[in-house]
Amino acid sequence: MTSPISPHRRFLKYRIALLISIIVIIPLGYVVRFSRGPAPEWFNDFFGSIAYEVFWILLVVLILPRFSQIRAAVAVCLATCRVEFLQLWTPPFFQAMRATLPGRLILGNHFS
């Protein structure tokens, strides 16, 4: 006779699965985004953007585990759309941030 998994243990397994997913998606996103193999550049940009979105959704759900996954996905989509439009704005402090690797990865360097 097996005992059911306690809610606390299930919650812990869920958080561990989210953390493992984040650890996997980060290098995968870098490889896809920055590799220059036989695929066209738009392919790398497109799938790198998907990895970027997935990373932020996983992070939001990891930090706010009771937040609905659908709401997290919508919120991340809206936030990243806002960041995308911020690329049209080029004040000196944004340009200085975009000159660094973290700034370029988070803020981007061109509007698409």
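Tyr14, Arg15, Leu18, Leu19, Ser21, Ile22, Ile25, Ile26, Gly29, Val32 and Arg33 of helix H1 are in contact with Asn44, Asp45, Phe47, Gly48, Ser49, Ala51, Val54, Phe55, Leu58, Leu59, Val61 and Leu62 of helix H2. Contact here means heavy atoms within 4.5 Å. By class, the residues of this H1 and H2 contact are 15 nonpolar, five polar and three charged. Ala, Val, Leu, Ile, Met, Phe, Trp, Tyr, Cys and Pro count as nonpolar, Asp, Glu, Lys and Arg as charged, and the others, Gly among them, as polar.

The model is a predicted one, in which local features need pLDDT of at least 70 and side-chain atom pairs count only at pLDDT 80 or more, while totals for chains, interfaces and linings use all residues. Residues are numbered from 1 along each chain as its sequence is written, and side-chain values use heavy atoms, with hydrogens and water left out.

**Helices H1 and H2**

H1 covers residues 7-34 and H2 covers residues 41-63; their axes are 9 Å apart and the packing angle is about 160°. Helices (H or I, at least four residues) are DSSP runs, numbered from the N terminus. Axes are lines fitted to C-alpha atoms, for helices over the stretch in contact, and angles run from 0 to 180 degrees between N-to-C directions. H1 and H2 are therefore roughly antiparallel. On this scale, angles under 35 degrees count as roughly parallel, over 145 as roughly antiparallel, 65 to 115 as roughly perpendicular and the rest as oblique. H1 and H2 cross in a left-handed sense. A crossing is left-handed if the near helix is turned anticlockwise from the far one by less than a right angle, and right-handed if clockwise.

The lengths of both helices can be checked against an expected span, which is 1.5 Å times one less than the number of residues. For H1, 28 residues should span 40 Å, and the end C-alpha atoms are 41 Å apart, which agrees. For H2, 23 residues should span 33 Å, and its end C-alpha atoms are 33 Å apart, which also agrees.

Leu18, Ile22, Ile25 and Gly29 are the buried residues in H1, and they pack against H2. Buried means under 20% relative accessible area, exposed over 50%, and partly exposed in between (1.4 Å probe, protein chains only). In H2, the buried residues are Asn44, Gly48, Ala51, Leu58, Val61 and Leu62. These H2 residues pack against H1 and helix H3 (69-86).

**Helices H2 and H3**

The axes of H2 and H3 come within 9 Å of each other, crossing at roughly 130°. H2 is therefore oblique to H3. The crossing of H2 with H3 is right-handed. On the H2 side, Tyr52, Glu53, Trp56, Ile57, Val60 and Val61 meet Gln69, Ala72, Ala73, Val76, Cys77 and Thr80 of H3. The residues of this contact divide into nine nonpolar, two polar and one charged.

**Single residues**

Serine 21 and isoleucine 26 both lie in H1. Arginine 98 is in helix H4 (residues 92-98), and arginine 104 is in helix H5 (residues 101-107). Their accessibilities are listed below.

| Residue | Relative accessible area | Class |
|---|---|---|
| Serine 21 | 32% | partly exposed |
| Isoleucine 26 | 36% | partly exposed |
| Arginine 98 | 8% | buried |
| Arginine 104 | 34% | partly exposed |

Some C-alpha distances place these residues relative to others along the chain. Isoleucine 26 and glycine 103 are 77 residues apart in sequence and 16 Å apart in space. Arginine 98 is separated by 6.9 Å from glycine 108, ten residues away along the chain. Arginine 104 and glutamate 84 are 20 residues apart in sequence, and their C-alpha atoms are 12 Å apart.

Terms used. Helices (H or I, at least four residues) and strands (E, at least two) are DSSP runs, numbered from the N terminus.
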